[in-house]
Amino acid sequence: LLRRRAQSPTRGAPVLSPGQWSLGSGASGWLSVPIPKDDGDARACRAELDFVRAPASNVVDEYKELIIMFGYIVLFASAFPLAPFLCLISVGLELRADAYKFCESRRPMPRAARHHPLWFTCAHVLTTLAVITNLALVFFTVPNALPAGMPTSLKIGLLLFVEHAVLVARWVLQTLVPDKPLDVLKAMLETKLAFRTLHGVLQAAEAQGRGGGGG
């Protein structure tokens, strides 16, 4: 339930009456309230005005949309090479749309995100499958990609060989190139050590204070 703001003695603004809060009858069912204009009408505080706006989109839905688009790009890049360029244009337009959406929608509640590793795992699986699908499309659908008259069993064997070679090369690159630069890892380690030292100092001071108080 919404709590009506009490009348402020400093501002002298009238409060919202009980009848001014109403539940919308549409399919969305948003709470509606008369929005004050910029002519000095301050009947509702900023928090109340922000609450009646449509909620911001879920972060999971945003990630899901990006993963689906990424999957279409990498899985069938050889079938439609223009797809990455079109997706780049789409993402550029979506950035502006999201900026407008976040400015006009309800301010999202800040929460710690714990699902990022799952999306990284999905992207890793998609890139692995993309190697197989693109090589299969090239070997079995592109004319003159392989010598004419090559048996299907030989094509499958060549496909498996090239696929394993590409996956090994990717694993080597992932091993040699770290996800985080060395200077970032060093700064993170220094920050962690500083917090650990500060925590130890605070614990020692608290123990000393208790010992002194007991004496």
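**Close-up views of a predicted model**

**View 1. Asn144 sits in the loop between H4 and helix H5 (152-176).** Helices here are DSSP runs of H or I with at least four residues, numbered from the N terminus. This is a predicted model, so local features need pLDDT of at least 70, side-chain atom pairs count only at pLDDT 80 or more, and totals for chains, interfaces and linings use all residues. Residues are numbered from 1 along each chain as its sequence is written, and side-chain values use heavy atoms, with hydrogens and water left out. Asn144 isn't a glycine, yet its phi is positive, at about 60°. For background, most residues other than glycine have a negative phi. Asn144 is also exposed, with a relative accessible area of 77%; exposed means over 50%, buried under 20%, and partly exposed in between (1.4 Å probe, protein chains only).

**View 2. Helix H2 (residues 59-75) packs with helix H4 (residues 116-141).** Their axes are 8 Å apart, at an angle of about 15°, which makes H2 roughly parallel to H4. Axes are lines fitted to C-alpha atoms, for helices over the stretch in contact, with angles running from 0 to 180 degrees between N-to-C directions. Angles under 35 degrees count as roughly parallel, over 145 as roughly antiparallel, 65 to 115 as roughly perpendicular and the rest as oblique.

**View 3. Here are some of the residues where H2 meets H4.** On the H2 side they include Val60, Ile67, Phe70 and Val74, while Ala123, Leu126 and Leu137 are among those in H4. Contact means heavy atoms within 4.5 Å. Sorted by class, this contact has 13 nonpolar, five polar and one charged residues. Ala, Val, Leu, Ile, Met, Phe, Trp, Tyr, Cys and Pro count as nonpolar, Asp, Glu, Lys and Arg as charged, and the others, Gly among them, as polar.

**View 4. A search of the whole structure turns up one aromatic pair.** Tyr63 and Trp119 are stacked, 5.7 Å centre to centre with 10° between the planes. Since Tyr63 lies in helix H2 and Trp119 in helix H4, the pair ties together parts that are 56 residues apart in sequence. Rings of Phe, Tyr and Trp (its six-membered ring) pair if their centres lie within 6.5 Å; planes under 30 degrees apart are stacked, over 60 edge-to-face and the rest tilted. Tyr63 is partly exposed at 26% relative accessible area, whereas Trp119 counts as buried at 14%.

**View 5. Glu62 has its place in helix H2.** Glu62 counts as buried, at 17% relative accessibility. Leaving aside neighbours within four places in sequence, Glu62 is in contact with Ser57, Glu94, Asp98 and Lys101.

Definitions and conventions
Helix = DSSP H or I, 4+ residues; strand = E, 2+ residues; numbered from the N terminus.
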